[in-house]
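Thank you all for coming. Please have the sequence and the structure in view while I talk, and we will go through a few places together.

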Amino acid sequence: MDKERISQKIRDLLPEITRYIEFLISVIIILVILLQILNLLRDVIKDPFFLENNYFTTFLARALNLVVGIEFVKMLCKHTPETVVEVLMFATARQMVVEHLQTWETLIGILGIGVLFAIRKYLFLSAKESKRLSDKF
C-alpha cells in the first residue's frame with residue numbers, strides 16, 4: 001500500500017473511533033448518574049429532614065445536576081442542534097434555580113432561555129417541514 005491509501009484509511013477510521021469513545025464516555029456518565037441517584041435516595045431516606053430549608057437547595061442542586069448530565073448524554077448520542085439547545089436550556093435553568101443570583105443575573109438567564117426557545121422554534125425545521133421544503137426544490 002502506498003502512503004496515500006494508508007492515510008485515507010486512517011482518516012476513514014478516525015470518525016468511527018470517536019463514535020466509540022463518545023459511546024464509552026456516555027456509558028461512564030450514565031453509570032455515575034445511576035450511582036448518584038442511589039446516593040441521593042439514600043440521603044433522603046436516611047435523613048428525612050434533609051429536605052428542610054438550606055438542605056433542600058443542596059438536594060435540588062444535586063438533582064438538577066443529574067438532569068443536566070442526562071441531557072448531556074442525550075447530546076452525545078444524538079448529534080443534533082436541538083439536543084445542544086436543550087442542554088443549554090437545562091443548564092441555564094439549573095443555574096438560575098439553584099444559585100442565589102442577583103436580579104440582573106436572573107434577568108440575563110431568563111433572556112438567555114427565551115433566546116434559546118426562539119432559536120428552537122424559529123431556526124430549527126421539523127422533519128416534515130424540511131421534507132416539504134426539499135420537495136419544492
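**A threonine, a valine and a helix pair**

Leaving aside its neighbours within four places in sequence, T83 is in contact with K74, M75 and K78. Please keep in mind throughout that what we have here is a predicted model. T83 itself lies in helix α3, and its side chain reaches the backbone oxygen of T80 at 2.8 Å. Is T83 buried or exposed? Its relative accessibility is 5%, and because buried means under 20%, T83 counts as buried.

Let us turn to V73, which is found in helix α2, the stretch of residues 53–77. V73 has a relative accessibility of 7% and so counts as buried too.

Finally, I would like to look at how two helices pack. Helix α3, residues 81–98, and helix α4, residues 103–123, pack at an angle of about 160°, and their axes are 10 Å apart. Because an angle over 145 degrees counts as roughly antiparallel, α3 is described as roughly antiparallel to α4. The crossing of α3 past α4 is left-handed. On the α3 side, the residues that meet α4 include V85, L88 and M89, and among their partners in α4 are I110, I113 and F117. Taken as a whole, the residues of this contact divide into ten nonpolar, three polar and two charged.

How values were computed
Residues are numbered from 1 along each chain as its sequence is written. This is a predicted model: local features need pLDDT of at least 70, side-chain atom pairs count only at pLDDT 80 or more; totals for chains, interfaces and linings use all residues. Side-chain values use heavy atoms; hydrogens and water are left out. Axes are lines fitted to C-alpha atoms, for helices over the stretch in contact, and angles run from 0 to 180 degrees between N-to-C directions. Helices (H or I, at least four residues) and strands (E, at least two) are DSSP runs, numbered from the N terminus. Angles under 35 degrees count as roughly parallel, over 145 as roughly antiparallel, 65 to 115 as roughly perpendicular and the rest as oblique. A crossing is left-handed if the near helix is turned anticlockwise from the far one by less than a right angle, and right-handed if clockwise. Contact means heavy atoms within 4.5 Å. Ala, Val, Leu, Ile, Met, Phe, Trp, Tyr, Cys and Pro count as nonpolar, Asp, Glu, Lys and Arg as charged, and the others, Gly among them, as polar. Buried means under 20% relative accessible area, exposed over 50%, partly exposed in between (1.4 Å probe, protein chains only). A polar contact is a pair of N or O atoms within 3.5 Å; within protein, one must be able to donate a hydrogen and the other to accept it, and residues adjacent in sequence count only if both atoms are side-chain atoms.
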